[in-house]
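Biologist: Could you take me through this one slowly, and tell me what lies behind each label you use?

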Amino acid sequence: MFKKSISTFILFLLTISYAYGDKVKVGMITTLSGGGSGLGIDIRDGFALAVKDEPNIEIISGDDQRKPDIAVQLADKMIQSDKVDIITGIVWSNLAMAVVPAVVNQGKFYLSPNAGPSLLAGKKCHKNYFNIAWQNDNLHEAAGGYASSAGFKNSFIIAPNYPAGKDALTGYKRYFKGSIENEVYTKLGQTDYAAEIAKIRASNADSVYFFLPGGMGIAFIKQFSQAQVDLPLVGPAFSFDQGILKAVGNAALGVKNTSQWSKDIENAQNKKFVKDFQSAYGRLPSLYASQGYDTGKIIVSAMANASIKDMDAFREALKNAPSQGFKSTRGKFSFSSNHHPIQDIYVREVVEENGTLTNKLISSGLVDHSNFYVDQCKM
Amino acid sequence: MAEKKEILKLSGINKCFGNVVVAKDISLTVISNQLHALIGPNGAGKTTLIKMISGELKPDQGVVMLLDRKVNHLSEIARVHRGCIRSFQVSSIIGSMTVFENILLAVKQKRSILKMLFRKFQSNSSESSFVYQTLNQLSLETLETKVASTLSHGDKRKLELAMALAMGPKILLLDEPFAGLDQAESSKLIELLKSIKKNMPIFLIEHDMQAVFALADKISVLNEGEIIESGSVEKIRRSKLVQNAYLGGDL
Amino acid sequence: MLTEKKFNLIIVLGIFAFSLIGYVMNEPYFITLATKIVILGIAGCALNLILGFGGMVSFGHAMFFGVGSYVAAISAFHSMNGESIDLIFFDFNGSSQMLFNWFLAVIFSMFFALIVGSISIRTSGVYFIMITLAFAQMTYYFSLGWTKYGGEDGLSTYVRNDLFSINTMLPLNFFIICFACLCVVGFILNWVINSNFGNFLKGCKENEEKMISLGLNPYTLKLTAFVISGAITGLAGALYVDLNRFVSPTSLSWQTSGELIVLVILGGSARLFGPLLGAIVFILLEQFLGEVTENWQFWLGVILVLIVLYFPKGVSGLFIKD
Amino acid sequence: MSLQLFIEQLLNGIQFGFMLFLMSAGLTLIFGVMGLINLAHGSFFMIGAFSASFVAGLTGNFFLAILASLIFPALIGITVEFSIIRKLYERDHLDQVLATFALILIFSEATRYIFGAFPLFLDIPNILQGNILLPGEIVYSKYRLIIIIIGLFIAIGLYFLINRTLLGIQIKAGQNDRQMIRVLGINISRLYTIVFAMGAALAGLAGALIGAIQSVEVGMGEPVLILAFVVIVIGGIGSIKGALIGALLIGVLDTMARLFLPIFFELIMETSQALSLGSSLASMSAYLLMALVLIFRPTGLFGKK
């Protein structure tokens with residue numbers, strides 16, 4: 001009798017938990033202090049906004065200080081002590097390269113809200129690793145495509161001397177049909193580009209493509225504009241994001257950049273996101289915030305369709321989220337076989353709207369774009 | 001008594017710093033069991049000379065002979081290994097260590113790096129009896145466990161001398177050991193050096209005339225880089241040249 | 001107040017107890033923290049050999065830490081992907097054996113220390129600080145551009161190396177391995193500073209001229225100490241790779257060198273194991289403050305300033321009597 | 001490559017050099033006079049840029065902003081000198097390193113707390129936008145030319161200050177012999193405060209001038225700080241002349257290495273490797289120069305033995 005009542009009770013508990021969904025613990029490892037913390041804060045805030053009506057999600061957040069070793073230790077802590085089910089939040093490729101293997105090898109999910117290094121899309125892909133933002137090459141590929149369609153024949157391309165920089169220029173070249181006047185790699189963290197700009201001015205290029213994340217990009221755009229070099233500038237969205245445009249100022253006006261998201265993409269989900277974000281935090285959302293938001297919404301969607309207790313089911317639910325209720329702020333969104341987005345990548349232009357600089361969509365660069373590494377991934 | 005042997009011999013030493021001549025054709029010898037004192041006014045080039053003997057500086061010209069061998073090419077350290085041991089104008093001891101440890105350092109100095117790494121800094125019985133012997137000789141035995149930086153000025157000078165002695169020198173180069181000592185300490189040190197010089201050649205640079213006259217077997221007078229007079233205590237006392245240049249006729 | 005011996009014993013046992021508590025309470029992260037403390041403590045104590053006892057402030061110790069890390073990681077990386085390195089005489093296939101990779105890390109960092117030391121020790125004071133920094137920065141920029149091993153992305157080794165048949169992925173097992181290393185390193189360093197060599201090194205710090213007049217070559221003394229310190233720091237680097245299963249140029253950056261110095265000063269440079277206490281204080285502060293406030297670095301700064309101003313002998317000065 | 005381009009790059013190197021000089025002059029004075037290793041010097045660079053950006057945003061006037069970049073860092077410098085730094089002069093270098101490292105943390109986090117995590121805006125005024133045609137068909141940025149001129153004026157000003165004024169004599173006395181200034185009856189603590197504030201103001205000015213063409217963000221000071229240390233070590237610590245020459249050397253070397261090394265390596269190897277190796281080596285060039293200088297002159301070019 002006693003035994004029976006206990007098992008009924010357990011059964012009862014199980015039904016409840018199924019009915020309401022299991023609690024999911026999410027570890028948010030992101031950069032919250034020092035340089036680049038603006039990006040991490042936006043991802044965290046976007047994510048928090050997405051899950052704020054979901055009582056069964058608990059967020060545990062940690063500051064990785066933009067150091068890979070700290071990020072790995074945080075991941076270990078969250079998995080071992082906090083017993084999280086999913087980890088997300090990392091901004092930088094090099095940190096992702098450190099953390100993702102550690103997380104998936106310990107049997108947890110990792111959802112990337114920003115970084116998408118090629119290795120993790122190709123040879124080192126993993127069934128528990130999902131990328132919600134883009135594969136690192138994507139925006140650069142779109143830029144190359146845009147440059148071709150805009151009729152540029154000869155580009156001067158520039159990036160920092162580190163793997164993501166090399167991937168970026170490779171991505172650009174993959175879709176650019178013209179010739180490359182010069183390919184320049186600068187010191188990571190360099191903020192004075194006088195020498196490079198002089199080279200650009202002296203060259204025969206008809207367009208300039210640059211990938212210089214963070215402060216490097218701000219410095220480059222300002223100096224490029226101050227030097228009054230009369231060449232069209234193209235870049236990825238990172239250097240023209242809402243948080244950064246303020247610091248760049250009018251120097252960015254008219255520059256074309258490529259992005260998978262923009263605050264004026266026409267869909268209900270995006271409108272709601274932009275409105276909610278502004279009312280919750282009092283600032284315009286950024287690209288990073290949108291990616292954090294989408295990451296949160298994908299988890300919410302998967303939870304409605306599967307229990308986190310069943311890894312395989314939950315993985316399927318994540319993978320099928322785009323067809324099972326998840327609506328991305330970017331509009332069309334699905335996963336490729338290596339768990340990276342298939343999405344449209346747009347071309348935007350920096351414009352002034354009521355005294356604030358912001359981006360306006362001008363065309364869709366690449367439609368239903370997947371990534372180059374799908375075939376290298378054997379899951 | 002052993003035969004008179006030339007322990008240190010300088011011949012024709014010349015040295016310039018830019019245009020300033022600090023040593024001009026200096027020749028002198030220190031023979032066994034002799035205390036040879038070098039006096040001269042400030043800036044005469046005394047410390048430069050001692051540095052050239054110890055090897056810290058190289059002469060522009062001239063020969064430095066130690067125990068009948070030319071040592072010009074040898075480094076300071078190599079000359080120490082040949083037994084040419086020097087004390088400094090300012091007491092040079094290891095302040096954070098005890099008196100015993102300071103002397104032990106001097107005793108242990110000959111080991112190679114590898115040997116030094118694999119041996120504990122402890123004295124074996126023969127070493128400690130040697131250390132105690134040195135302590136007794138300089139009447140430092142009561143201060144054995146004191147930390148060197150807490151010693152009085154006079155005791156620091158004695159400790160430095162003890163370290164030099166503990167290294168088993170063939171010749172001692174003393175750079176103003178009496179500087180800053182009071183009357184009582186001075187006379188104690190005079191007695192001490194008197195006993196040491198019985199079987200140890202010493203080359204002494206000193207300002208304290210009283211000490212020099214009490215101790216020296218031979219005196220050389222240096223003025224503007226040149227030895228203007230050399231000889232016994234009596235000869236120097238009487239030398240007009242010396243009085244004019246240095247002693248101002250007071251003696 | 002404690003004697004230095006008791007202090008060392010309490011610190012070491014304290015770290016061990018901390019990880020055991022983590023084990024008993026099923027909080028594996030405590031064990032990970034303790035492991036990190038042990039590893040950085042090893043590096044800090046090694047730095048302290050030359051900094052506290054030799055008077056050489058190396059602002060480039062991240063180089064040895066990083067070289068040890070990279071050597072161990074590269075060996076593990078090659079053993080994992082089966083690619084061999086052509087070394088002219090033979091092909092090196094990498095290794096997943098901890099002992100072997102430690103050995104490699106120690107040899108390589110010794111070699112680096114020998115070269116860097118033989119050049120740097122000619123200078124002293126601030127110039128020494130800066131020339132060691134210069135060499136570390138060169139290796140840092142080199143590693144950033146070395147795309148074969150990941151460049152700025154770093155290099156993942158995915159799993160820990162093997163040691164006998166121990167399951168090194170279990171936090172407690174790996175902690176015990178590191179703890180054993182700490183004990184061995186502690187014994188070695190303690191032996192070194194109490195040897196004749198160590199005492200001459202102390203003499204060198206106070207009075208180099210006197211060491212010359214004692215017939216010793218301060219250059220050789222200091223270089224030997226520098227190489228020993230570099231080798232042990234390299235070992236710590238190799239352990240750190242196993243802790244994180246990852247290495248990146250960050251471990252070669254000047255910030256890492258700076259943090260090692262901070263551990264030493266925080267703990268107190270006058271005591272051999274001061275840096276171990278420094279590591280405990282620093283890592284726990286980082287952890288604790290980070291959980292309390294987002295602006296934890298501000299408060300960390302305030303606490304560090306207060307410690308410098310009011311505990312000039314470092315935290316260990318509070319516990320040890322002279 | 002044309003001669004014009006070469007000269008333009010040379011000017012760029014010189015401009016970078018003068019910017020480094022503004023940073024290093026204060027650093028070398030503070031070290032020379034007080035014997036203080038000030039890691040927090042980079043924070044004044046950042047504070048200068050932030051205060052300029054703040055004032056420019058408030059008033060829209062670039063010149064007021066530059067003024068602010070001198071005043072605010074100096075005021076903060078005085079406060080810090082009074083409350084913390086003063087207690088460190090008698091301590092050994094290690095304590096100074098730890099304390100000023102802690103100050104970096106405090107300044108950076110406080111700035112982030114006040115101004116937020118995103119970079120701030122600071123632009124050069126319209127009249128300084130664009131280029132100017134120098135003799136010989138050389139097109140050069142007006143603003144960068146202004147930086148060179150300001151750098152020159154400050155170098156000359158410092159020369160007169162050190163050699164022709166009472167304060168300068170006191171500073172020199174302090175560098176040679178700290179006992180001596182006591183004997184001369186100089187108010188040491190006031191002298192120290194003045195020197196510290198001066199160093200902070202120069203760093204702040206550099207921060208604002210550079211912030212206008214780069215990005216005003218937390219942590220912008222540290223990379224410059226490390227280079228400034230390289231500069232003063234090459235020049236010889238305590239020597240303003242050394243700082244100037246060291247800064248110009250590093251500025252020109254860094255720029256030229258970035259320009260020529262990739263071209264050079266392309267001659268002997270495949271392009272992509274050459275670009276990567278060339279730029280890696282260019283990043284190391286400043287440190288390589290420092291190591292070489294120290295190997296041959298262990299106390300820098302103009303340092304005292």
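Modeller: Gladly; let us start with a valine.

Biologist: Which residues does A:Val99 touch, leaving out those up to four places away in sequence?

Modeller: A:Val99 touches A:Ile29, A:Ala71, A:Val72, A:Ala75 and A:Ile90. These count as contacts because the C-beta atoms, placed from the backbone, lie within 7 Å. Before we go on: this is a predicted model, where local features need pLDDT of at least 70 and side-chain atom pairs count only at pLDDT 80 or more, while totals for chains, interfaces and linings use all residues. Residues are numbered from 1 along each chain as its sequence is written, and chains are lettered from A and ligands numbered from 1 in the order in which they are written.

Biologist: What makes a set of residues a nonpolar core, and which residues have the most contacts inside the largest one?

Modeller: A nonpolar core joins buried Ala, Val, Leu, Ile, Met, Phe, Trp, Tyr and Cys residues through C-beta atoms within 7 Å. The largest has 426 residues, and A:Val99, D:Val230 and D:Met290 have the most contacts inside it.

Biologist: Why is B:Ile53 called buried?

Modeller: A residue is buried if 20 or more other C-beta atoms lie within 10 Å of its own, exposed if 12 or fewer, and partly exposed in between. B:Ile53 has 24 C-beta neighbours inside 10 Å, so it counts as buried. B:Ile53 lies in helix H1 (residues 46-54) of chain B. Setting aside neighbours within four places in sequence, its contacts are B:Leu8, B:Val64, B:Cys84 and B:Leu173.

Biologist: Where does A:Arg66 sit, and why is A:Arg66 classed as buried?

Modeller: A:Arg66 is in the loop between S2 and helix H3 (68-80) of chain A. Its 24 C-beta neighbours inside 10 Å make it buried. The phi of A:Arg66 is near 65°, a positive value in a residue other than glycine.

Biologist: Why is B:Asp25 called partly exposed?

Modeller: B:Asp25 has 14 other C-beta atoms within 10 Å, so it is partly exposed. B:Asp25 is found in strand S2 of chain B, and its phi is also positive, near 45°.

Biologist: What makes a run of residues a strand or a helix, and what makes two strands a pair?

Modeller: Helices (H or I, at least four residues) and strands (E, at least two) are DSSP runs, numbered from the N terminus. Two strands pair if DSSP finds at least two bridges between them. In chain B, strand S1 (residues 6-17) and S2(B) share eight bridges in the antiparallel sense, so they qualify as a pair. Within chain B, B:Cys16 stands opposite B:Val21 in S2(B).

Biologist: In what order do the strands of that open sheet of chain B run, and which are the edge strands?

Modeller: The order of the four strands is S2-S1-S4-S5 (chain B), with antiparallel pairing. Strand S2 (20-31) and strand S5 (69-70) of chain B are the edges, since each pairs on one side only.

Biologist: What is the strand order in the open sheet of chain A?

Modeller: Five strands run S2-S1-S3-S4-S5 (chain A), with parallel pairing. One of the pairs is strand S1 (residues 24-30) of chain A with S2(A), over seven bridges, and A:Gly27 stands opposite A:Ile60 in S2(A).

Biologist: How do you know that the span of helix H3 (residues 61-81) of chain C is close to what is expected?

Modeller: The expected span is 1.5 Å times one less than the number of residues. H3(C) has 21 residues and reaches 30 Å from its first C-alpha to its last, close to the expected 30 Å. H3(C) is also mostly covered, with 18 of its 21 residues buried. Just after H3(C), C:Gly82 takes a positive phi of about 75°.

Biologist: Which chains share the most contacts?

Modeller: Of the four pairs of chains in contact, it is chains C and D. There, 35 residues of chain C are in contact with 39 residues of chain D. H5(C) gives the most to the chain C side, with twelve residues. That side divides into 25 nonpolar, nine polar and one charged; Ala, Val, Leu, Ile, Met, Phe, Trp, Tyr, Cys and Pro count as nonpolar, Asp, Glu, Lys and Arg as charged, and the others, Gly among them, as polar.

Biologist: How far apart are the nearest C-alpha atoms of chain A and chain B?

Modeller: They are 35 Å apart, and chain A and chain B do not touch.

Conventions. Contact = placed C-beta atoms within 7 Å.
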